[in-house]
Amino acid sequence: MSAKQKTQETTSYKPYSWQAILEFRAMWVVLALGLVLPFVISKPLATEIMVYALFALAFNLLLGHTGIISFGHAGYLGAGAYAGAMVVYYGGVGVWVSLLAAMAGGTLVAVLIGLLAVKRKGAYFAMISLAIAQMLYFLALSPFKRWTDGEDSLKLPPLSVDFPFHIDLSDQLSLYYFVFVIVALAVLAQWRILSSPFGHALKGIRENEDRIRACGFDITRIKFLSIIYSGLFSGLAGGLLAIYLGAASITILFWMTSGIVVMQTVLGGTHTFMGPFIGTAVFLYLRNNISNYTDRWEMWVGAMFMALILLFPEGIWGTIVQKIGERRRPSAS
Amino acid sequence: MLLQTKGICKHFGGLKAVDQVDFSIEQGKLKSIIGPNGAGKTTFFNLVSGLYKPTHGQVTFQGKDVSHASMNERSQLGITKTYQITSIFPRLSVFENVRLAAQSRVSMFNSWRKAYSYSAINNRTMEILEHVGLADQQGRTASELSHGEKRYLEIGIALATEPTILLLDEPTAGMSPAETVEATHLIRKLSNELKLTIILIEHDISVVMGISDEVMVLHEGKKLAEDTPEKISANETVQNVYLGKGAEPCSR
């Protein structure tokens with residue numbers, strides 16, 4: 001009898017931290033705001049935010065959740081964009097197949113980078129991933145020009161979806177909601193992955209790699225899978241980007257894409273789930289507005305980036321979460 | 001014999017950190033390794049846990065040669081060590097620190113099921129937190145714990161991997177004398193209640209004398225003596241190492 005009582009006592013655990021609950025709610029709030037976004041800002045900008053937010057979240061699977069710095073994410077995004085566009089251009093397939101091809105393209109590059117670099121740490125991983133992404137850029141630019149059209153982007157015909165119902169993607173609002181639904185599903189899938197035993201193991205690697213290895217986790221294979229997931233979601237973002245732009249363009253593969261995703265992620269907060277999403281929205285909104293006034297938008301965005309990072313050292317969302325935590329502490333203990 | 005080392009050596013260049021050490025421990029025993037700083041205690045542990053591979057000699061565990069198995073492979077076999085310098089997951093909760101280690105026995109790659117839906121793991125985590133006296137701290141962030149509590153968490157993480165043999169590297173490092181006494185009792189209790197085989201490293205003889213079944217003394221990488229605590233205390237060579245003639249001017 002007392003033994004039974006004891007087991008009941010021992011089950012009284014509450015595993016979810018306040019951060020996890022806060023992030024979960026924030027995710028739903030952001031997605032709900034996404035429903036009305038095209039009525040607040042221009043439809044193309046809203047679409048662009050969604051695509052790059054997915055890309056930044058995928059990037060942060062490595063940087064924030066696993067602790068791997070990648071400077072080669074343009075490679076995944078570009079591979080996704082080109083794979084998605086080429087199957088439409090040469091194969092005449094539909095949008096859904098194109099998105100599957102985009103995911104496969106991103107995953108393939110992730111396998112390549114993973115096999116070569118998974119055991120490298122810090123700057124070494126960053127450099128190998130950058131080198132491979134640059135290699136892809138130059139391959140697409142010249143040797144594969146026959147298939148990629150090099151500096152002229154690979155242009156797509158107007159697209160529409162017929163399953164499960166007809167969506168005309170040349171209509172800006174339809175395109176936005178099409179992209180939004182896919183991004184929302186991908187965000188939920190990433191949340192699910194991070195809530196899984198695998199996702200928790202990633203946090204363990206980020207927190208203390210030696211200790212998690214000593215606990216018996218196979219670090220190399222876990223990191224490898226993390227790179228694959230990052231490549232898969234980045235590839236999906238690339239496929240959506242090609243549909244949004246109506247083309248796969250060589251600038252997607254340029255190293256600056258890899259740099260900008262780092263800025264967007266850091267701006268939002270790497271140690272959070274929704275930070276990269278929020279960082280992307282702020283970054284693209286600022287860039288879009290500033291570039292309306294000046295061609296030298298990089299300088300102004302750079303200055304604002306520095307100002308924001310000084311104001312929000314943990315990123316915009318990261319710092320808000322931190323402040324909430326500080327406010328909670330006196331009452332909690 | 002549960003675990004055995006035969007003529008094990010680890011050389012770092014010209015330095016023989018561990019030199020020809022034969023060691024063995026039976027199931028359910030608590031054996032301590034003592035020696036002055038730099039005697040090779042931690043290096044010996046790292047050879048057993050798999051962080052280092054031996055220069056010569058072999059390690060056998062449950063009759064199998066594991067000399068070349070990696071650290072995570074040995075952990076999965078049941079050899080787990082704690083760290084002399086506290087090594088926890090600072091930004092995760094106390095509960096999650098232990099749960100993650102417990103999870104290592106069940107799932108690493110499942111990316112869909114919810115991590116907190118494994119009730120067996122959750123229950124086991126709470127049991128361990130109760131064993132090490134941290135059950136009421138479960139929701140706190142690990143970095144907020146006191147030094148002593150972190151040392152207990154360290155042991156809790158190790159216990160969660162369901163070790164057959166537990167290697168404790170100076171578990172009382174940095175503790176006050178009162179905390180040390182308490183921790184020593186806890187270690188003996190774990191050994192008795194959980195039928196754990198424990199190897200304990202200490203540089204402070206007094207900590208281990210009361211709780212060990214046997215004691216091995218290392219000095220400059222070599223085994224100096226191996227016996228019951230009583231006989232070790234009476235051993236003249238051991239006394240010389242610890243009270244060493246060179247130390248006299250300092251102790252005055």
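This is a predicted model: local features need pLDDT of at least 70, side-chain atom pairs count only at pLDDT 80 or more; totals for chains, interfaces and linings use all residues.
**Notebook: a look around chain B**

Started with B:His11, which comes out as partly exposed because its relative accessible area is 24%, and the cut-offs put buried under 20% and exposed over 50%.

Next I checked where B:His11 sits. I found B:His11 in strand β1 of chain B, which covers residues 3-12. Then I listed what B:His11 touches, skipping residues up to four places away in sequence: B:Lys16, B:Val18, B:Asp19, B:Thr55 and B:His56. I looked up B:Thr55 from that list: B:His11 and B:Thr55 are 44 residues apart in sequence, yet their C-alphas are 6.3 Å apart in space.

Moved on to strand β9 of chain B, residues 214-219, and its partners. Strand β3 (residues 30-34) runs parallel to β9(B), and 4 bridges join the two. Here I see B:Ser32 standing opposite B:Val215 of β9(B). β9(B) also pairs with strand β10 (residues 222-227) of chain B, this time antiparallel, through 5 bridges. For B:Val217, I get B:Ala225 in β10(B) as the bridge partner. The hairpin of β9(B) and β10(B) has 2 residues between the strands, and B:Glu220 takes a positive phi near 50° there.

Last stop: B:Ser75, in helix α2 of chain B (residues 71-77). Buried or exposed, I wondered about B:Ser75? B:Ser75 counts as buried, because its relative accessibility is 0% and the cut-off for buried is under 20%. Which residues is B:Ser75 in contact with, leaving aside neighbours within four places in sequence? From chain B I noted B:Thr80 and B:Arg105, and from chain A I noted A:Ala214, A:Cys215 and A:Gly216.

Terms used
Residues are numbered from 1 along each chain as its sequence is written. Chains are lettered from A and ligands numbered from 1 in the order in which they are written. Side-chain values use heavy atoms; hydrogens and water are left out. Buried means under 20% relative accessible area, exposed over 50%, partly exposed in between (1.4 Å probe, protein chains only). Contact means heavy atoms within 4.5 Å. Two strands pair if DSSP finds at least two bridges between them.
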